[in-house]
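Let's walk through this model together, starting with its rings and moving on to its cores, charges and a pocket. Please keep the structure open beside the text as you read.

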Amino acid sequence: MKTIFPTIIFILLHLYSNAQDSFNKLPQAANISCPILLVDEHIIANKNIITSKEDIEEIAVIKDKPSRKAHFYNLTANGILFAKLKKKIPSKTQAELNAFFNLEENNPVYVNGYLLEHDTYTIATESIATIDLVMPNEENDLDQKVINVWILSQEERRNGCSLQQMK
């Protein structure tokens, strides 16, 4: 009886820790540590979109990890900054990016290796560093071709984002 109770507790803790939500991501996202900038609630951009303090109307940082039900959950893997800008940001919809690559309009799109779980998000054209067409393979466990839009430079992908880079 003395060993049954600790065994049950151990099993319950193990099940609880493995039941935590995980982020839908590609293997390329494993070393990324840069937060996502979300402009005007639906435009995904990098920090370079803000050229001066005068551009910013409002800015906020997410403090807590949201529940899986939040429509921006998958974007919060490395933190998220919300900004409202005074200037208009040109952007492309996910459907437009898919059409460019001759993929179905609702084909999955990833940003920095993280799946965009809602089609309402657009991507700032000025922020696009590279676009990869990712083919399914054993490593990424995909069942169809997907687009991965990098808004990070090669340097940021290799070394992450330091605090100095974020200023």
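**Rings, cores and charges**

Three aromatic pairs are present in the structure, where a pair means rings of Phe, Tyr or Trp (its six-membered ring) with centres within 6.5 Å, called stacked when the planes are under 30 degrees apart, edge-to-face when over 60 and tilted for the rest. One of them is the stacked pair of phenylalanine 23 and tyrosine 73, with 5.1 Å from centre to centre and 20° between the planes. This pair links distant parts of the chain, since phenylalanine 23 sits in the loop between α1 (4-18) and β1 while tyrosine 73 sits in the loop between β3 and β4, 50 residues apart. Helices (H or I, at least four residues) and strands (E, at least two) are DSSP runs, numbered from the N terminus. Tyrosine 73 is buried, at 1% relative accessible area; buried means under 20%, exposed over 50% and partly exposed in between, computed with a 1.4 Å probe on protein chains only.

Phenylalanine 23 also pairs with tyrosine 114, and this pair is edge-to-face because the ring centres are 6.4 Å apart and the planes stand at 85°. Tyrosine 114 belongs to strand β7 (residues 114-115) and phenylalanine 23 to the loop between α1 and β1, so the pair ties together parts that are 91 residues apart in sequence. Tyrosine 114 is buried too, with a relative accessibility of 7%. Taken together, Phe23, Tyr73 and Tyr114 are linked into a cluster by ring pairs.

Before going further, a word on the basis of all this. The model is predicted, so local features need pLDDT of at least 70 and side-chain atom pairs count only at pLDDT 80 or more, while totals for chains, interfaces and linings use all residues. Residues are numbered from 1 along each chain as its sequence is written, and side-chain values use heavy atoms, with hydrogens and water left out.

Now turn to the nonpolar interior. In soluble globular proteins, nonpolar side chains tend to be buried together. A nonpolar core here is a set of buried Ala, Val, Leu, Ile, Met, Phe, Trp, Tyr and Cys residues joined through side-chain atoms within 4.5 Å. The largest such core has 17 residues, and those with the most contacts inside it are Ile44, Leu75, Val111, Leu116, Ile123 and Val149. At least two residues of this core come from each of β1 (36-39), β6 (109-111) and β10 (146-150). Apart from it lies another core, of nine residues, including Ile43, Ala45, Leu85 and Ala124.

How many salt bridges does the structure hold? There are three, each a side-chain nitrogen of Lys or Arg within 4 Å of a carboxyl oxygen of Asp or Glu. Lysine 47 and glutamate 156 meet at 2.5 Å, N to O. Their bridge links distant parts of the chain, with lysine 47 in the loop between β2 (43-45) and β3 (56-61) and glutamate 156 in helix α3 (residues 154-159), 109 residues apart. Lysine 47 is partly exposed at 23% relative accessibility, whereas glutamate 156 is buried at 7%.

Lysine 87 bridges to aspartate 55, with the closest N and O atoms 3.5 Å apart. Lysine 87 lies in the loop between β4 (80-85) and β5 (91-93), and aspartate 55 in the loop between β2 and β3, 32 residues apart. Here lysine 87 is partly exposed at 26%, and aspartate 55 is buried at 11%.

The bridge between glutamate 155 and arginine 158 spans 3.4 Å, N to O. These two are three residues apart in helix α3, so about one helical turn separates them. Glutamate 155 is partly exposed at 38%, and arginine 158 is exposed at 56%.

Finally, look at the loop between β1 and β2, where aspartate 40 lies. Aspartate 40 has a positive phi of about 50° although it is not a glycine, and glutamate 41 has one of about 70°. Both residues are among those lining the second largest pocket, along with Glu58, Ile59, Ala60, Phe82, Ala83 and Lys84.

Definitions and conventions:
1 Å grid on protein atoms, 1.4 Å probe; cavity = no way out; pocket = protein on both sides within 12 Å on 5 of 7 lines; lining within 4 Å.
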